[in-house]
Amino acid sequence: MPSLKGKVQTVLGLVEPSQLGYTMTHEHLTMDYTCCYYPPPSGQEALSETSIEMKNLFWLKQNPYSHKENLLLHQETSAVKEELLQFKAAGGGTIVENTTTGIRRDMKTLKQLAEETGVHIIAGAGFYVGATHSPETRAMSVEQLTEVIVNEILNGADGTDIKCGVIGEVGCSWPLTESENKVLQATAHAQSQLGCPVIIHPGRNSDSPFQIIRILQEAGADTSKTVMSHMDRTIFDEKKLLEFAELGCYLEYDLFGTEFILYQMNPDIDMPSDNERILRVRMLIEEGYEDRVLLAHDMHTKNRLKKYGGHGYSHILENIVPKMLIRGISQEKIDKLLVGNPRRWLTFE
Ligand SMILES: [Zn+2]
């Protein structure tokens, strides 16, 4: 078995870190998000059953989780392929595909997309949130869970010989479930054994990322190889955010393109706009965290594809980077966020 040290593991095999280019560290190319279906607001039930049409797009954008067909991204492989080619044409090089067990990871499709588009695709090992854990997963010990994760990286996932190159997104809820706690410990054990990158989906509470890092550290994980996803909807208070940044993990602003009036997953949260995200990222750079920030879209529903009036996988490269330049973030810093930081994170140690 070739050593992973100093390399990045894509679904087509090992590559040199210098080959990655512009990298989106949190996306989905094929997944089923039915687990997170939310009943529509009362009186709007009929909209949740209709097919996706122009006249429904605004409603769909505000209520993406209340439309059953919208949650089936795995039905859109040809549109995804086309939009990956647009990502590449816009200068994109690599996608980290965060679909883990529980939301229908599809290793063969990922391999096919990588072959057909030339975009580097890195697949995720491990398990999504506790609500998607099977009875078998829940019954496993930390040692057994570790073995599953290590195997997905060293030998291949879901009965294929196609290998994962990161652990995650590892799903955590608030409050954290017992099963999620075990998966986190297993993630830490696998991480320290393999020297691999890890990416976490925290619960929707500003204390959740702190709790997760504590559990990972106590179980022996390297925090500097860990990404905390969804910072844009998780820690709003600037003082608390800087306190969290001190813990040394990567801070990922990965919901670019998502703007809600009401966030169905937690109505208490005011989802920031892309302009607010850019100012947050600039603040972190000014505070000295330019080596710790990552960017992505977390594409996970159909309505975010260009095919359905969405922004697509190239939104950051096409629209956000130019706005960052206007807001005084230099090209050199942008290249750190989109090339240098992902490359360092994704390289096995
Ligand atoms: Zn995700």
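Predicted model: local features only at pLDDT ≥ 70, side-chain atom pairs only at ≥ 80, totals over all residues.
At 10% relative accessibility, Arg-105 counts as buried. Glu-152 forms a salt bridge with Arg-105, with 2.9 Å between the closest N and O atoms. Since Glu-152 belongs to helix 6 and Arg-105 to the loop between strand 4 (92–97) and helix 4 (107–117), the pair ties together parts that are 47 residues apart in sequence. Glu-152 is buried too, at 6% relative accessibility.

Arg-105 also meets the side chain of Asp-158 in a salt bridge (2.9 Å, N to O). Asp-158 sits in the loop between helix 6 and strand 6, so this pair joins parts 53 residues apart in sequence. Asp-158 itself is partly exposed, with a relative accessible area of 45%. Elsewhere, salt bridges that share partners join Glu-290, Asp-291, Lys-333, Lys-336 and Arg-344 into one network. Another salt bridge brings Lys-7 and Glu-16 together at 2.5 Å, N to O; Lys-7 is partly exposed at 24% relative accessible area, and Glu-16 is partly exposed at 37%. In total, the structure holds 17 salt bridges.

Back to helix 6, which covers residues 142–154. Its 13 residues reach 18 Å from the first C-alpha to the last, close to the 18 Å expected at 1.5 Å a residue. Buried along this helix are Val-142, Leu-145, Thr-146, Ile-149, Val-150, Glu-152 and Ile-153. Looking down the axis of helix 6, these buried residues fall within an arc of 155°, so they line one face of the helix. An α-helix has 3.6 residues a turn, so residues three or four places apart point the same way. Glu-143 and Glu-147, on the other side of helix 6, are exposed. The cover over the buried residues of helix 6 includes strand 1 (8–10), strand 5 (120–125), helix 5 (135–139), strand 6 (166–171) and helix 7 (178–194). Just after helix 6, Gly-156 takes a positive phi of about 130°.

Aromatic rings come next, with 4 aromatic pairs in the structure. In one of them, the ring centres of Tyr-33 and Tyr-65 are 5.8 Å apart and the planes stand at 70°, so the pair is edge-to-face. The two tyrosines are 32 residues apart, with Tyr-33 in the loop between strand 3 (22–27) and helix 1 (45–49) and Tyr-65 in the loop between helix 2 (57–62) and helix 3 (77–89).

How values were computed
Residues numbered from 1 in each chain as written. Heavy atoms only, no water. Phe/Tyr/Trp six-rings, centres within 6.5 Å; stacked < 30°, edge-to-face > 60°. Helix = DSSP H or I, 4+ residues; strand = E, 2+ residues; numbered from the N terminus. Expected span 1.5 Å × (residues − 1). Buried < 20%, exposed > 50% of the residue type's maximum accessible area, 1.4 Å probe, protein only. Arc of directions from axis to C-beta. Contact = heavy atoms within 4.5 Å. Salt bridge = Lys/Arg side-chain N within 4 Å of Asp/Glu carboxyl O.
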